[in-house]
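Subject: Structure for you to look at

Hello,

Here is the structure I promised to pass on.

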Amino acid sequence: IYAHYDVVPTASDDQFKLLIQDGYLKGRGVSDNKGPIVSMVYAINDLYSANELSNNIVFLFEGCEEIGSIGFEETLRQTKSEPEIVDYIIMANSYWIGDQLPCLNYGMRGVINMRVSVSGSTALHSGTDGGIGFETTKDLILCVNDLINCKTGILNIKGFFDNDENSISDEELTLFEKIIATKEGNVTLDTLINKWTKPSVSITCMEGSSGITIIPKEASMTLSI
């Protein structure tokens with residue numbers, strides 16, 4: 001059973017104070033991913049105490065997930081003993097549709113994060129140099145516009161969407177309809193298909209000059225695919 005207990009940086013330490021309100025635990029990292037750690041430990045303990053635990057369980061918790069799981073693979077390779085066999089890996093790092101019905105996710109979309117940067121020889125003043133030649137910010141927008149159709153969100157890379165339209169089976173569509181029937185989260189079929197099965201492209205950050213009249217020497221943006 002895998003989970004992580006680290007969180008992304010925050011400017012306020014007050015968010016680490018645990019608040020119990022209306023039967024809910026509220027605080028930094030409760031849902032991602034400290035709460036699931038506690039619930040899984042208690043669940044396994046209850047099964048063990050009732051003599052109903054029929055499997056060997058290994059807990060694997062880490063504290064570097066939010067920064068790329070530094071050293072995680074190396075540590076696993078050093079500690080894994082042969083011929084040890086792992087039948088199932090349960091990872092508690094996803095979300096329910098709503099707040100009432102638990103769910104088990106059997107698949108997740110992968111992710112590619114990248115930074116695209118355009119550099120020039122020097123920063124320019126828009127009042128004196130604007131419109132004379134190439135500008136880093138305009139070139140960056142043109143570059144990303146060639147990559148992404150910003151109106152549809154579709155990535156303009158040949159083969160990226162191959163076999164995508166037929167990737168949802170009738171069995172999965174039946175599951176989706178059952179989920180919609182629970183009215184959890186008020187989701188629609190289109191929402192579930194796009195959220196769970198389709199590739200997506202998001203521009204997550206844009207960086208350039210801190211001055212309103214300065215054309216920056218370097219302009220960049222980050223993409224999450």
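Which element gives the largest share of the lining of the second largest pocket? That share comes from helix 5, with four residues.

Before the rest, some ground rules. The model is predicted, so local features need pLDDT of at least 70 and side-chain atom pairs count only at pLDDT 80 or more, while totals for chains, interfaces and linings use all residues. Residues are numbered from 1 along each chain as its sequence is written, and side-chain values use heavy atoms, with hydrogens and water left out.

Pockets

A pocket here is an open set of points, on a 1 Å grid over the protein atoms alone, where a 1.4 Å probe fits, with protein on both sides within 12 Å along at least five of seven lines; lining residues have an atom within 4 Å of a point. Volume is the space filled by probe spheres set on the points, which are joined across faces, edges and corners. Helices (H or I, at least four residues) and strands (E, at least two) are DSSP runs, numbered from the N terminus.

The second largest pocket has a volume of about 1,400 Å³. It is lined by 35 residues, and those closest to its centre are Gly 107, Met 108, Arg 109, Lys 195 and Trp 196. Helix 5 (170–181) and helix 6 (189–196) are the elements that give two or more residues to this lining.

The largest pocket has a volume of about 2,000 Å³. Among its 47 lining residues, Ile 1, Met 40, Ile 90, Met 91 and Ala 92 are the closest to the centre. Helix 1 gives the most to this lining, nine residues. Strand 3 (24–26), helix 1 (30–49) and helix 2 (72–79) each supply at least two.

Three strands form an open sheet in the order 5-11-9, with antiparallel pairing; two strands pair if DSSP finds at least two bridges between them. Strand 5 (113–119) and strand 9 (202–207) are at the edges with a single partner strand each, so one side of each has no neighbour in the sheet. Strand 9 and strand 11 (residues 218–224) pair over five bridges, and Cys 205 has Thr 222 in strand 11 as its bridge partner.

Helix 4 (residues 136–147) packs on the sheet and touches strand 5, strand 9 and strand 11, where contact means heavy atoms within 4.5 Å.

Regards

Terms used:
Axes are lines fitted to C-alpha atoms, for helices over the stretch in contact, and angles run from 0 to 180 degrees between N-to-C directions.
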